[in-house]
Amino acid sequence: MPRGTHPADTTSDTRSRTLCAPVTTAGATGRKSTTMEPIIQEPEGPEASGPEATRRDAGVTESARANRGWWDRNADEYQVEHGTFLGDDRFVWCPEGLDEVEAELLGPPEELKDRTVLELGAGAAQCSRWLAAQGARPVALDISHRQLQHALRIGGPFPLVCADAGTLPFADGSFDLACSAYGALPFVADPRLVLREVRRVLRPGGRFVFSVTHPIRWAFPDEPGPEGLSVSGSYFDRTPYVEQDEEGHAVYVEHHRTLGDRVRDVAASGFRLVDLVEPQWPEWNSSEWGGWSPLRGRLIPGTAIFVCVRD
């Protein structure tokens, strides 16, 4: 799911390790976060003040390192700010509030029973917790150890894996389904690495559904008010958005792909695109999330969801 300013979740890195074995039980479907343990991160030394925002090239390794560090540093704040909207065990695809209960992009809930499901960029594993409640057998994967500590804090009867989305630590054909709600794909320099890995670990006929910021949003300022409704840049400028410290080291990176780029990435990675969902802003949603707002959401799309099948 998106972070406060630019949409974000997890990305890839060069290491992988299992954080824990299956942990405790999930809660009631759809409830908000009610976990009583404090969400406080242990201090890790002084923070660089005021990263500079720029547009410049950032490769696979730099992007991975920056985004893993960003999520480890900001996981606590993210869960405090957005935990109520996300709940403990809802499957929400986007800030528009599209819920898998209604969308059924992975298939009818009754058909999820006993399906093995890989969630990429799981964060606190809210989606995996919902999948487990339907009888599925999810695995929640994230690059950020701190995000997965929040998943462990809330609990759930499934494994948590801290790993590289571009080098998945699973055997070929391990999963029936895969999903990612704003995880991994927006933050990797080469999205085809992730797509090909997901295809590898899916069984034939397996479905991969992922949501990202709608590419058209890159042409507009990332503001929720009227100032976010005027084009300020080229939609075709694919230069990454980078936040960097005083020494020029990236501390956060996000990559832009046009809609056509995304479609070509899917096809080149061996998937068949069966649907492209652009959720409309619902009347009930009065929330603002970074640049997402009722004002903008009713005029321009904010999210694109790709439904892909491995033939």
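Helix H1, residues 60-86, has 27 residues, yet its end C-alpha atoms are only 29 Å apart. A straight helix would reach 39 Å at 1.5 Å a residue, and H1 falls short of that. The model described here is a predicted one. Where does H1 bend? The bend is at asparagine 74 and amounts to about 60°. After H1 comes glycine 87, which has a positive phi, near 70°.

**The chain as a whole**

The chain holds 7 helices and 11 strands. Of its 311 residues, 56% are buried. Among contacts with a separation of 6 or more, 77% are between residues 24 or more positions apart. The chain exposes about 12,800 Å², and 51% of this is supplied by carbon and sulfur atoms.

**Strand E6 and its partners**

Strand E6 covers residues 175-181 and is mostly covered, with 7 of its 7 residues buried. It is joined to strand E3 (residues 116-120) by 3 bridges, and these two strands run parallel. In this pairing, valine 117 stands opposite leucine 177 in E6. E6 is also joined to strand E7 (residues 202-213), here by 6 bridges, and this pair runs parallel too. Cysteine 179 stands opposite valine 209 in E7.

Alanine 181 has its place in strand E6. How far apart in space are alanine 181 and glutamate 119? Their C-alpha atoms are 8.4 Å apart, while in sequence the two residues are 62 residues apart.

Tyrosine 182 is in the loop between E6 and helix H5 (191-201). Alanine 184 lies in the loop between E6 and H5 as well. Most residues other than glycine have a negative phi. Tyrosine 182 has a positive phi, near 60°, and is not a glycine. Alanine 184, also not a glycine, has a positive phi of about 70°.

**Histidine 255**

Histidine 255 lies in the loop between strand E9 (250-254) and helix H6 (259-268). Which side chain makes a polar contact with that of histidine 255? The partner is serine 63, and the contact is 2.8 Å. Leaving aside neighbours within four places in sequence, the residues in contact with histidine 255 include Ala58, Ser63, Trp218, Pro240 and Arg262. Pro186, Phe187, Val188 and Ala189 are also among its contacts.

**Buried residues compared with the cut-off**

Is histidine 255 buried or exposed? Histidine 255 counts as buried because its relative accessible area is 9%, and the cut-off for buried is under 20%.

| Residue | Relative accessible area |
|---|---|
| Alanine 181 | 6% |
| Tyrosine 182 | 0% |
| Alanine 184 | 1% |
| Histidine 255 | 9% |

Alanine 181 counts as buried at 6%, and tyrosine 182 does so at 0%. Alanine 184 is buried as well, at 1%.

Note on methods:
Residues are numbered from 1 along each chain as its sequence is written. This is a predicted model: local features need pLDDT of at least 70, side-chain atom pairs count only at pLDDT 80 or more; totals for chains, interfaces and linings use all residues. Side-chain values use heavy atoms; hydrogens and water are left out. Helices (H or I, at least four residues) and strands (E, at least two) are DSSP runs, numbered from the N terminus. Buried means under 20% relative accessible area, exposed over 50%, partly exposed in between (1.4 Å probe, protein chains only). Contact means heavy atoms within 4.5 Å. Accessible areas come from the Shrake-Rupley method with a 1.4 Å probe; for residues, only the protein chains shown count as cover. The expected span of a helix is 1.5 Å times one less than its number of residues. The bend at a residue is the angle between axes fitted to the seven residues ending there and the seven starting there. A polar contact is a pair of N or O atoms within 3.5 Å; within protein, one must be able to donate a hydrogen and the other to accept it, and residues adjacent in sequence count only if both atoms are side-chain atoms. Two strands pair if DSSP finds at least two bridges between them.
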